[in-house]
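Please look over the model below with these notes beside it.

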Amino acid sequence: MGRLILVSNRLPITVTGCGDAIEVVPSSGGLATGLGSVHRCNESLWVGWSGMDAGASTEARRSLQAQLAARRLVEVPLSTDDVSIYYEHIANGVLWPIFHDQLEKLPNVIEGWDTYESVNARYADMIAACARPGDTVWIHDFHLMRVPALLRERVPELRIGFFLHIPFPNPEIFFALPRRQWLVEGMLGADLIGFHTRRYRGHFTAVLRRLFGIEMKDECIAYKGRRVGLGIFPMGVDSASFAQRAADAKVVAETARLKSDRGIRLLVGIDRLDYSKGLPKRLLALERLLTTHPEWLERIRLVQVAVPSREGLAAYKSVRRAVEELVGRINGRFGTHRWTPVRYINRSVNDTILSALYRAADVLLVTPLRDGMNLVAKEFVATRSDDDGVLVLSEFAGAADELTRAVIVNPYDVDGLAESLHRALQMPADERRERMQALRAHVMANDVAKWSDGFLRQLASMPA
Ligand code: ADQ
């Protein structure tokens, strides 16, 4: 049996300190946490960038290498220029908005594809240097779309899988992308390409038809004398550990503290501060709710946790400004000496607080304008072993295809969203329980281990 080599833009760690006093600590977040269990169980190698500048001192680099090796992590060093062009400008500044249908967020000047290619080639070089015959390589996400083809050129017989964590857009939008064919050719170096939903795969096959006249048959296409599988693998979360964490004494105490304001119903939002997550529209819906249903004044509170993200990009500065203005406006307009409608937390929260917020929420709001999957929705459901709490979920999150017993909303329809909040807040206990039980049955049975096993099993079954 060969080994598994995981590949992602970032390794699942954060480097702190400097010189030989540097320390490597695990990072959290969807991909790091989700693949973390795959990495632990499979004795795999994990290739990616450490987050450390390539110009760091020799002692710092030596210390880093030793700590990475102990965790079976392999670093692809990136310079400050690489990071600013490949990661910030192309991946986050160009690919992210197009894949989330936000053409107006594109910069006027798009350049740097050569750096995207050369960084992807360095990942391919590093994987080729680590791989032994019989190994399986699993590459993740939009930062590394050229790696499958570049790796195939270097080691033609390797078994290569690629998973796209974000949506694949409608062809009409995808075709706005300069270098679109070259990116698709990059992905087609894989033996198996995975998507979260049938719709994203449908968009991808429509693009293949238009670019190459290829049709999918039995979930496969024939391309350059090879077969490439196109599969649907909705990612799950580590459901058992979220369920277990809810019983932790610290979580129980924190949950009680959050619920101590008797008579106040809690709405909760947990997001990266990203324009795709729909925060301004969510706040507008809350404002609308307090206007059209004044009976909720002094009886509800939104706790919105928004982790700062990609702050160097103008579009992110502008969504942050918009959110802060709206929070200020709503609190100023409706707040009283004893009540503040929105509590806004502009940083990451630790695992205990996260679980307590999920557990204390009367209503969890997941209202992205577009989201590949959205793991927050599934983490919430996994945490609610009390079978209570209402999930309000955007129809434009991949998770909506599975979590059909949530209150499904169109986040562009602010009035409709306000009415759905009203309905969620009023939902009788029986209906809440029936819906949450159905959601939990799905989330507990379809966890992250099932996702990775399903992908890897199908990859293993592809003809070599
Ligand atoms: P993200 O866009 O990062 O992921 P998501 O799936 O919601 O979105 O995962 C976010 C993770 O970060 C969750 O595990 C959540 O608990 C954590 N998190 C978010 N806000 C936090 C906060 N304020 N404090 C602490 N933790 C926080 C991308 C795609 C998604 C896709 C995932 C996985 O955009 O659509 O679901 O990859 O494929």
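1. The buried residues of α15 are covered by parts that include β11 (265–272), α11 (279–292), β12 (300–307), β14 (363–366), β15 (390–394) and β16 (407–409); contact means heavy atoms within 4.5 Å. Helices (H or I, at least four residues) and strands (E, at least two) are DSSP runs, numbered from the N terminus.

2. The model is predicted: local features need pLDDT of at least 70, side-chain atom pairs count only at pLDDT 80 or more, and totals for chains, interfaces and linings use all residues. Residues are numbered from 1 along each chain as its sequence is written, and side-chain values use heavy atoms, with hydrogens and water left out.

3. Among the buried residues of α15 are Val-414, Leu-417 and Leu-421. Buried means under 20% relative accessible area (1.4 Å probe, protein chains only).

4. There are 22 aromatic pairs, counted when ring centres of Phe, Tyr or Trp (its six-membered ring) lie within 6.5 Å; planes over 60 degrees apart are edge-to-face, under 30 stacked and the rest tilted. Phe-99 and Phe-174 pair edge-to-face, at 5.9 Å centre to centre and 90 degrees between the planes. Phe-99 lies in helix α3 (residues 80–99) and Phe-174 in helix α6 (residues 171–174), so the pair ties together parts 75 residues apart in sequence.

5. Phe-99 is buried, at 0% relative accessible area. Phe-174 also counts as buried, at 0%.

6. Ring pairs join Phe-99, Phe-168, Phe-174, Phe-175, Phe-195 and Phe-204 into a cluster.

How values were computed: Buried means under 20% relative accessible area, exposed over 50%, partly exposed in between (1.4 Å probe, protein chains only).
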